[in-house]
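Me: I would like a close look at one part of this structure. Please take the aromatic residues and what surrounds them, step by step.

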Amino acid sequence: MGEVKHLCLVKFKEGVAVEDVLKGMTDLVAQMDMVKSFEWGQDVLNQEMLTQGFTHVFSLTFASADDLATYMGHEKHAAFAATFMAAIEKVVVIDFPVVIAKPPPPA
């Protein structure tokens with residue numbers, strides 16, 4: 001199957017210190033060798049009708065579905081997930097195999 005992405009769209013609760021959550025997530029993935037890469041971002045266009053209130057995206061890349069399953073079942077992930085879930089109003093999560101339709105240009 002190849003690489004797998006774990007994608008989370010998030011709307012944080014009012015008053016949440018988003019920077020603290022971002023630091024916690026960054027610290028978590030730094031300890032998890034099965035995570036190949038971690039990217040996050042915040043919506044820049046603020047098109048409420050299209051975003052449905054979601055403001056942030058988190059993307060983790062794994063070498064395989066087995067690595068994703070290992071991450072999801074890891075005790076450190078479970079501990080952080082409790083903190084993460086307490087900070088969010090709503091979330092959508094999808095896990096999918098990577099299909100490269102347009103590769104990045106050579107460096």
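Reply: Start with the cluster. Phe 12, Phe 38, Phe 58, Phe 80 and Phe 84 form one aromatic cluster. Two rings of Phe, Tyr or Trp (its six-membered ring) pair if their centres lie within 6.5 Å; planes under 30 degrees apart count as stacked, over 60 as edge-to-face and the rest as tilted.

A word on the source. This is a predicted model, where local features need pLDDT of at least 70 and side-chain atom pairs count only at pLDDT 80 or more, while totals for chains, interfaces and linings use all residues. Residues are numbered from 1 along each chain as its sequence is written, and side-chain values use heavy atoms, leaving out hydrogens and water.

Now the pairs. The structure holds five of them. One is Phe 12 with Phe 58, edge-to-face, at 6.5 Å centre to centre and 85° between the planes. Phe 12 lies in strand 1 (residues 4-12) and Phe 58 in strand 3 (residues 56-62), so this pair ties together parts 46 residues apart in sequence. Helices (H or I, at least four residues) and strands (E, at least two) are DSSP runs, numbered from the N terminus. Both Phe 12 and Phe 58 are buried. Buried means under 20% relative accessible area, exposed over 50%, and partly exposed in between (1.4 Å probe, protein chains only).

Next, Phe 80 and Phe 84. Their ring centres are 5.9 Å apart and their planes meet at 35°, so the pair is tilted. Both sit in helix 4 (residues 75-87), four residues apart, about one turn of the helix.

Look at helix 4 itself. Its 13 residues reach 19 Å from first C-alpha to last, close to the 18 Å expected at 1.5 Å a residue. That expected span is 1.5 Å times one less than the number of residues. The buried residues of helix 4 are His 77, Phe 80, Phe 84 and Ala 87. They pack against strand 1, helix 1 (18-30), strand 3, helix 3 and strand 4 (88-97).

His 74 is partly exposed, with a relative accessible area of 26%. Not counting residues up to four places away in sequence, His 74 touches Met 32 and Met 34; contact means heavy atoms within 4.5 Å. His 74 and Met 32 are 42 residues apart in sequence, yet 9.1 Å apart in space, C-alpha to C-alpha.
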